[in-house]
Amino acid sequence: MLKYITIPLSSDCGSFCHFENDSDTDGELIDAGVLSKAVVWAMKENLSIQIVYPCGEVTDEIEKVLETVDHVKIMPADIGGTSKLCDADIVVCEDFSPIEEADNKIYIVRSRFSTLVASSDKLKKLLLRASKVNIVITDIHDFRKEDVEVYREFLNTMASFVADCYADDALVHLNIITDRLLLDEMNNCNAGCESIAVSLRGDFYPCVGLFGREEFCCGSVDNGYGGHNLVLFHRDHAPICKICDAYHCKRCTWLNAKLTHEVNTPGWQQCYLSHLEREASASVLAMVNAKRPDLVVNKFIPELNYLDPYTIIKEL
């Protein structure tokens with residue numbers, strides 16, 4: 001069942017996830033008529049609307065359409081003057097420096113793995129000023145098994161910081177560690193089954209990262225939503241993922257297609273990372289329960305002896 005729709009306003013809107021924007025058009029804006037149709041369709045379907053803003057200005061006609069509907073504003077950190085960030089719900093950036101105008105907002109920080117693991121001190125400062133920080137590692141495809149201990153050490157450092165904050169009633173939120181503490185079932189990317197995106201031409205795709213790949217087109221603002229391959233995006237058709245308890249794993253559809261050529265099958269890299277993060281969540285839970293047993297109740301994350309569930313399948 002669809003819940004969300006994402007509408008980028010320009011061809012050069014920056015990425016807010018794992019995909020890179022490879023558009024060869026220079027700042028082409030969505031037509032106000034197409035935007036209006038997308039908004040009306042989303043309202044009829046009772047969907048939450050997420051608007052991705054470009055760095056530059058949009059037309060008055062686009063602004064008028066946006067004024068007609070409540071929406072989540074996803075804005076880049078360098079959006080033509082930081083004063084605009086006061087209106088943002090989510091701020092997308094590529095470093096860990098807090099922005100005064102974006103205090104107490106959700107940050108999406110897109111970072112290379114090597115930069116992330118070297119930025120724990122900066123990340124700690126950002127966590128104390130943001131309402132939540134979502135980390136997106138942009139080069140997961142280059143993650144090596146030799147990087148496991150590096151990531152584990154970084155996560156342990158952040159887990160200790162999060163646990164100390166919790167003990168002091170500072171409830172910081174870091175997706176790679178705290179999301180798993182709050183979930184009792186899978187909460188993945190869910191592109192194509194709970195969310196879709198609208199291209200500048202008004203075509204529907206499971207996510208922005210799949211724009212232009214006609215095999216993934218699943219309708220339009222004129223003809224509605226549907227496609228014969230959409231069932232493949234559902235977790236029920238991923239036998240391993242549907243019984244996994246790394247509930248916070250994003251199972252990024254775009255990344256799945258890149259790494260395994262199957263939209264519902266993650267590469268081993270995603271499995272390794274999400275299970276290392278699951279370990280860190282369990283560590284936080286243990287530390288918090290020792291200091292503040294009243295804070296997190298009825299939560300248990302069992303220990304596992306693997307990072308990639310596919311290795312267990314091979315042994316059976």
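Predicted model: local features only at pLDDT ≥ 70, side-chain atom pairs only at ≥ 80, totals over all residues.

User: What describes two packed helices in general?

Analyst: Two packed helices are described by the angle between their axes and by the distance between those axes. Here, α5 covers residues 148-167 and α8 covers residues 268-291. Their packing angle is about 30 degrees, and the axes lie 9 Å apart.

User: Why are α5 and α8 called roughly parallel?

Analyst: Angles under 35 degrees count as roughly parallel. The angle for this pair is about 30 degrees, and α5 and α8 are therefore roughly parallel to each other.

User: Which residues of α5 and α8 meet?

Analyst: On the α5 side they include Val148, Tyr151, Leu155, Ala159 and Val162, along with the charged Arg152 and Asp164. On the α8 side, Tyr272, Leu276, Ala280, Val284 and Met287 are among them, as are Glu277, Glu279 and Lys291.

User: How many helices and strands does the chain have?

Analyst: The chain has nine helices and 10 strands. Its radius of gyration is 20 Å, close to the 20 Å that the globule rule gives for 316 residues, so the chain is as compact as a globular protein of that length. Along the principal axes, its C-alpha atoms fill a box of roughly 55 × 50 × 35 Å.

User: What share of the residues counts as buried?

Analyst: Of the 316 residues, 51% count as buried. Among contacts between residues at least 6 apart in sequence, 61% join residues at least 24 apart.

Technical notes. Residues numbered from 1 in each chain as written. Heavy atoms only, no water. Axes fitted to C-alpha atoms, helices over the stretch in contact; angles between N-to-C directions. Helix = DSSP H or I, 4+ residues; strand = E, 2+ residues; numbered from the N terminus. Parallel < 35°, antiparallel > 145°, perpendicular 65-115°, else oblique. Contact = heavy atoms within 4.5 Å. Rg over C-alpha atoms; globule rule 2.2 N^0.38 Å. Buried < 20%, exposed > 50% of the residue type's maximum accessible area, 1.4 Å probe, protein only.
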